[in-house]
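Student: I am new to this structure. Can we go through it in short steps?

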Amino acid sequence: MTTATKKRAPARTPHKAAPQRVHDAALEAIIEMRGVVKRFSNAAGEFTVLKGVDLMINKGEFVSIVGKSGSGKSTLLNMITGIDHPSDGRVIVNHNDIYTGVSESQRSRWRGKNLGIVFQFFQLLPMLTLLENVMLPMDYVDMYDFDERPKRALELLTLVGLEKFANKLPVLVSTGQQQLAAIARAMACDPPLLIADEPTGNLDTRSADTIIRIFEHFVEQGKTIVMVTHDPSLTSRTDRNLIISDGELIDETISRSLPKLRHRHMLEFTKLAQRRSYQPGETILSRDEKVGHFFMIRSGNVEIVLQKSGSKDIVLSRLGADEFFGDIELLRGGKSIANVRAGNDPVEVLMIPREDFSRVMDESPITVEAISKIVQKRLEEHRVVDPRKTKR
Ligand SMILES: Nc1ncnc2c1ncn2[C@@H]1O[C@H](COP(=O)(O)OP(=O)(O)O)[C@@H](O)[C@H]1O
Ligand SMILES: [Mg+2]
């Protein structure tokens, strides 16, 4: 899914005590993690929670992160917020290398201006009113004129529908409302990036829906949001869903192509997958060729083509990013039933060796069923396209 059409957040000038600015070719990136490792030690010794995470998130994206309990979601977010620090690797947030040559207090100030953070448990200060809670971050980083702060705090509370409760203490409003106030507080200094760790984990579905709608509003305004969630109904409302399994990120082509696969199998495929590129029109599989891999499309289009001697090729179907092929042959055993070639653009595929694919499918009846349904539909559709009439 593209975010290119989304409005971008205005560029901001870093605070003078901010971490060192990094020149980066990818101007759109707002978060970049390179080889991030996090180890903890306990009585039993050292253990690795993040095992070399590479991640790029662009400005204006609404990203959800899911994963089993203990898979490293909160630890990953803590690496982005600077709440904790990596054992190895680099983290660049909003063009700042947040761990290189930066003191804890510099990072804390920088965080106040650049990040909004929301947790599952709201952490509002109980003896302050909602309005005072929202003003707190502005006071902390000394942002906005002193007289302007209450007005801005009230605007934010109005945005989340809490203007009537501005002068109430947190204990006097519902938990959903407390979370809304916490979100208003997180956005107090107008940060370009909001990081939320299970922000709806403690709420009923209606309150959760309100929160997601407010997040969607912020994304429309050009903000970037990264949200850890347990709720699969929320991931469908984000631009991108990342899955973390045992401290490693799953390849997004794999999770989108085979969404019902168990996370550990997705991770296995992530590690096994070979990448390959094809030029426009290049043959990927020939009819009757023994199929050695399961293919998932990362980018570009492929054409499934029937070649009849003496007549023009017939394009049976066209497959795009996150679709797969090679499956019929592998599941039913044997050779390619048609020619498969790259379309008008270069194609990048991920390939899983046949034996590994078959072994995992033996343990994955739900995925086999899902694949079979897609294949059945494809065959029924008879998407016969006359290539002469095909425009791109
Ligand atoms: N500060 C810490 N010290 C030691 N172990 C930790 C610490 N924080 C997290 N862990 C361990 O790291 C693993 C991942 O934790 P976490 O990132 O909180 O998982 P998640 O948010 O996905 O449930 C867990 O095994 C947890 O016990
Ligand atoms: Mg967590």
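Student: Which residues in H2 meet which residues in H3?

Tutor: This is a predicted model. Helix H2 covers residues 104-114 and helix H3 covers residues 130-141. From H2 come Arg 109, Gly 112 and Lys 113; in H3 they meet Pro 137, Tyr 140 and Val 141. The residues of this contact divide into 3 nonpolar, 1 polar and 2 charged.

Student: Are H2 and H3 parallel or oblique to each other?

Tutor: Their axes come within 9 Å and cross at roughly 130°. An angle over 145 degrees would count as roughly antiparallel, and 65 to 115 as roughly perpendicular. The crossing is left-handed. H2 and H3 are therefore oblique.

Student: Which element gives the largest share of the shell around ligand 1?

Tutor: The shell includes Phe 40, Asn 42, Lys 73, Ser 74 and Thr 75. Strand S1 (29-42) and helix H1 (73-81) are the elements that give two or more residues. The largest share, 3 residues, comes from H1.

Student: How do the residues of that shell divide into nonpolar, polar and charged?

Tutor: Among them are Gly 67, Ser 69, Gly 70, Ser 71 and Gly 72. Gly counts as polar here. The division is 2 nonpolar, 8 polar and 1 charged.

Student: Is Gly 281 buried or exposed?

Tutor: Gly 281 sits in the loop between strand S11 (274-278) and strand S12 (283-285). Beyond four places in sequence, Gly 281 is in contact with Arg 341 and Ala 342. Gly 281 has 11 C-beta neighbours inside 10 Å. The cut-off is 12 or fewer, so Gly 281 counts as exposed.

Conventions. Residues numbered from 1 in each chain as written. Chains lettered and ligands numbered in written order. Predicted model: local features only at pLDDT ≥ 70, side-chain atom pairs only at ≥ 80, totals over all residues. Axes fitted to C-alpha atoms, helices over the stretch in contact; angles between N-to-C directions. Helix = DSSP H or I, 4+ residues; strand = E, 2+ residues; numbered from the N terminus. Parallel < 35°, antiparallel > 145°, perpendicular 65-115°, else oblique. Left-handed = near helix turned anticlockwise from the far one by under 90°. Contact = placed C-beta atoms within 7 Å. Near = placed C-beta within 6 Å. Buried ≥ 20, exposed ≤ 12 C-beta atoms within 10 Å, placed from the backbone.
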